[in-house]
Amino acid sequence: MDADVIVVGAGLAGAAAARKLAKAGRRVRVIEARDRCGGRGFAKAYAGNGPQLEFGGAWITPWHDRLRALVPEHGLELRPRAAVTNRLWLRDGVLQGSGAASPDDVTAHERAIARVAVDSILLKKGMTENEKGDVLTGISFAAYLDRLGCPNSTRGLFSAWWTVSGNGDHDKVAASEFLASCSYDNGLAEGMIKFWSDTVVPGMGVLAERMIRASGAELTLDDPVTQVVQESGHVEVVAGRLRHRARACIVALGINQMPRIGFTPWLSDGKTAALAAGHGGRSFKLWIKAEGVPVGTLVTGDGNGIEFAFAERTEDGATYIVAFGLMQEGNHPSDPAWVRSQAAKFFPNARVISHDWHDWVDDPFARGTWVAALAGHEAGYESSNWQPEGRIAFASSDYAREQAGWFEGAVISGEDAAEAVLNFR
């Protein structure tokens, strides 16, 4: 045997699994397709020589206890998010400081806010319908907004928060992604940001690498796994021209990453169906360096282009703005001219210097951003669908039993997979 356990994937889930297995005395080999650790956590120097910024997932919440313990254990720090000190809304092409809705639309706007609040709390309690018999699951975000019948300005507001919650095609991704995020603050979409409290410094990828190194696991980078084969009494993992043999394997990959691997024998019908459907996460996240924007300024848009922008920090006399939108027709986050035109809508008095981003949708080892369940396929993302098969266990924030979609969920899922392997006969 090359190891007791082979872990496929060096993100937070794989790192957490390796850490727990090593503490139990198992020999672990971690194999990663990228040339780095961290998966969808990816910090790098802005534009090659600027400050270290997180281009993947970043924020953690006050209740992410596992991460809050792991960060100091491995010599990293938490950086508190800047407070929101200036709130603006883009409405009818004009920046407004008075609210998301015009005076004529206030009543309809507040009615929609209240409906979302009730629905999100009911969903959190496990209800699949509200008191009116309207479904809360299996319905797309677009269909849910149509049902609300809210003003365009309200629809644009919800769409802005969608870019950091559901983050996919409005017609395909389940509205429950949005409602679940709203439930953090008693059902208010606006309250999501209250709980994005800290980022890991220097980055999630550094944390994952240090966890793996500290575990003593053998780490192989830049080596995509193509096959996982269960034999009698062991598992063979094929990466490049090498076949690695171990008593068990943990596949620590997300739903959109796993189809590139051939499994023998085939995975169960539930897993196969989930992989065939994939998930719909197609948001873009970019950083804009600008002058003339006060830190703490938060602006939400009108449902087009960049939809969410937050002036998050100041470095070297410039402000760094984190911005979100959807990868769809008409949006060009790689084009500096397009980014400048979008930034001008949100910050008309600013001087945009540059921008930087990472394309997670076209990234061959991500194939999408954070998990976004497709309407009607929600069962495929449940942790119960990703229980071990034979000598293989599975770990990812995509289907964690708790905190799915967060890095905290990745850690929980990795530890759960390690525990399952330790209990294999």
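## Basis of the model

The model is predicted; local features need pLDDT of at least 70, side-chain atom pairs count only at pLDDT 80 or more, and totals for chains, interfaces and linings use all residues. Residues are numbered from 1 along each chain as its sequence is written, and side-chain values use heavy atoms, with hydrogens and water left out.

## Nonpolar cores

A nonpolar core is a set of buried Ala, Val, Leu, Ile, Met, Phe, Trp, Tyr and Cys residues joined through side-chain atoms within 4.5 Å. Buried means under 20% relative accessible area, exposed over 50%, and partly exposed in between (1.4 Å probe, protein chains only).

The largest nonpolar core holds 72 residues, and Trp161 and Phe178 have the most contacts inside it. Contact means heavy atoms within 4.5 Å. Neighbours within four places in sequence aside, the contacts of Trp161 include Arg87, Phe178, Trp196 and Phe308. Another core, of 37 residues, lies apart from the largest one and has Val5, Leu67, Val71 and Ala410 among its members.

Helices (H or I, at least four residues) are DSSP runs numbered from the N terminus. Axes are lines fitted to C-alpha atoms, for helices over the stretch in contact, and angles run from 0 to 180 degrees between N-to-C directions.

Helix α3 (residues 106–124) and helix α4 (residues 141–148) have axes that come within 10 Å and cross at roughly 130°. The two helices are therefore oblique to each other; angles under 35 degrees count as roughly parallel, over 145 as roughly antiparallel, 65 to 115 as roughly perpendicular and the rest as oblique. On the α3 side the contact is made by Ala112, Arg115, Val116 and Asp119, and on the α4 side by Tyr144, Arg147 and Leu148.

α3 also packs with helix α5 (residues 152–162), at an angle of about 35° and with the axes 9 Å apart. His109, Ala112, Ile113 and Val116 of α3 meet Thr154, Leu157 and Phe158 of α5 in this contact.

## Two single residues

Ala117 belongs to helix α3 and counts as buried because its relative accessibility is 14%. Leaving out residues up to four places away in sequence, Ala117 touches Asn186 and Gly187. Ala117 and Ala47 are 70 residues apart in sequence and 40 Å apart in space, C-alpha to C-alpha.

Asp269 is in helix α8 (residues 269–277) and counts as exposed, at 68% relative accessibility.
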